[in-house]
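Subject: Structure for your reading

Dear colleague,

Please find below the structure that I am handing over to you. My notes on what was found in it follow directly after.

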Amino acid sequence: MLTKKIEQILNKQVEKEGYSSLLYLAMASWAENNGYKGISDWLYAQAEEEKMHMLKFISYINERDGKAVIPGFPKPPSEQKSVAEMFDEVLKHEQYITASINEIVALCIQEKDYTTHNWVQWFVSEQIEEESSVKTILDILKLTGGKNMYQFDRDIMKLRESE
Ligand SMILES: [Fe+2]
Ligand SMILES: [Fe+2]
């Protein structure tokens, strides 16, 4: 059985992972509209991963006799200033998600829920990867100085494969 506090914080995470998916979907659509095929593929794949994260939280809550609630979501921004600024936003968002996962870990300890504490470690590791892959992208963008976007767009999916 999940305590009320744990059930609540896990449901909040359902919402955050679901919003992450919509945010990246909106970014993917913007990139696609602006001719960045590779970048949009990367973001569509990322949106799919976030949906999987949301599903993981939903099934864990229900498995542990909690009640997962599917929330309504705010509309993600449909415009982006530039590719570099968009990836800055992605990094900020992932850092926000990491902080949120850490809050779950802290609450598990406070509530002595060692089962959820153990389960959520997968997300602790996942966030290390998520942040580092976005940092790699930002480093490459810095190196290109906003030029060679054709090459960057062509190669970005290869960064996913090497993960
Ligand atoms: Fe996620
Ligand atoms: Fe993520």
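Along the chain, the donors of the iron ion (ligand 2) follow the spacing E-x43-E-x35-E. The model is a predicted one, and this site was computed from its atoms. The residues that coordinate the iron ion (ligand 2) are E50 (OE), E94 (OE), E94 (OE) and E130 (OE), at 1.8 to 2.5 Å. The angles among the four donor atoms run from 54 to 147 degrees, and the site of the iron ion (ligand 2) is irregular.

Which residue bridges the iron ion (ligand 2) and the iron ion (ligand 1)? That residue is E50, and the two ions lie 3.3 Å apart. E50 belongs to helix 2, whereas E130 belongs to helix 4 (residues 114–144), so this pair ties together parts that are 80 residues apart in sequence.

Since E17 lies in helix 1 and H53 in helix 2, the pair ties together parts that are 36 residues apart in sequence.

With the metal sites described, I turn to the chain as a whole. Its secondary structure comes to five helices and zero strands. Read along the sequence, the pattern is α-α-α-α-α. The C-alpha trace spans about 55 × 25 × 25 Å along its principal axes.

The remaining notes concern how helices pack against one another. Two packed helices are described by the angle between their axes and the distance between the axes.

How do helix 1 and helix 2 run, roughly parallel or roughly antiparallel? Their axes are 8 Å apart, and the packing angle is about 165 degrees. An angle over 145 degrees counts as roughly antiparallel, and helix 1 and helix 2 are therefore roughly antiparallel to each other. Helix 1 passes helix 2 in a left-handed crossing. By class, the residues of the contact of helix 1 with helix 2 divide into 16 nonpolar, nine polar and five charged.

Helix 1 (residues 4–33) also packs with helix 3, where the axes come within 11 Å and cross at roughly 170 degrees. That angle makes helix 1 roughly antiparallel to helix 3. The contact of helix 1 with helix 3 has 17 nonpolar, five polar and six charged residues.

The crossing in which helix 2 passes helix 3 is left-handed.

Which residues of helix 2 meet helix 3? They are I39, W42, L43, E50 and F57, and in helix 3 they meet V83, M86, F87, E94, I101 and I104. In this contact of helix 2 with helix 3 there are nine nonpolar, no polar and two charged residues.

A colleague

Terms used: Residues are numbered from 1 along each chain as its sequence is written. Chains are lettered from A and ligands numbered from 1 in the order in which they are written. This is a predicted model: local features need pLDDT of at least 70, side-chain atom pairs count only at pLDDT 80 or more; totals for chains, interfaces and linings use all residues. Side-chain values use heavy atoms; hydrogens and water are left out. A crossing is left-handed if the near helix is turned anticlockwise from the far one by less than a right angle, and right-handed if clockwise. Helices (H or I, at least four residues) and strands (E, at least two) are DSSP runs, numbered from the N terminus. Contact means heavy atoms within 4.5 Å. Ala, Val, Leu, Ile, Met, Phe, Trp, Tyr, Cys and Pro count as nonpolar, Asp, Glu, Lys and Arg as charged, and the others, Gly among them, as polar. Donors are N, O and S atoms within 2.8 Å of the metal (3.2 Å for Na, K and Ca); water is not among the atoms, so sites may look incomplete. Four donors count as tetrahedral if all angles lie between 85 and 135 degrees; four count as square planar and six as octahedral if opposite donors are over 155 degrees apart and all others between 65 and 115; anything else is irregular. Axes are lines fitted to C-alpha atoms, for helices over the stretch in contact, and angles run from 0 to 180 degrees between N-to-C directions. Angles under 35 degrees count as roughly parallel, over 145 as roughly antiparallel, 65 to 115 as roughly perpendicular and the rest as oblique.
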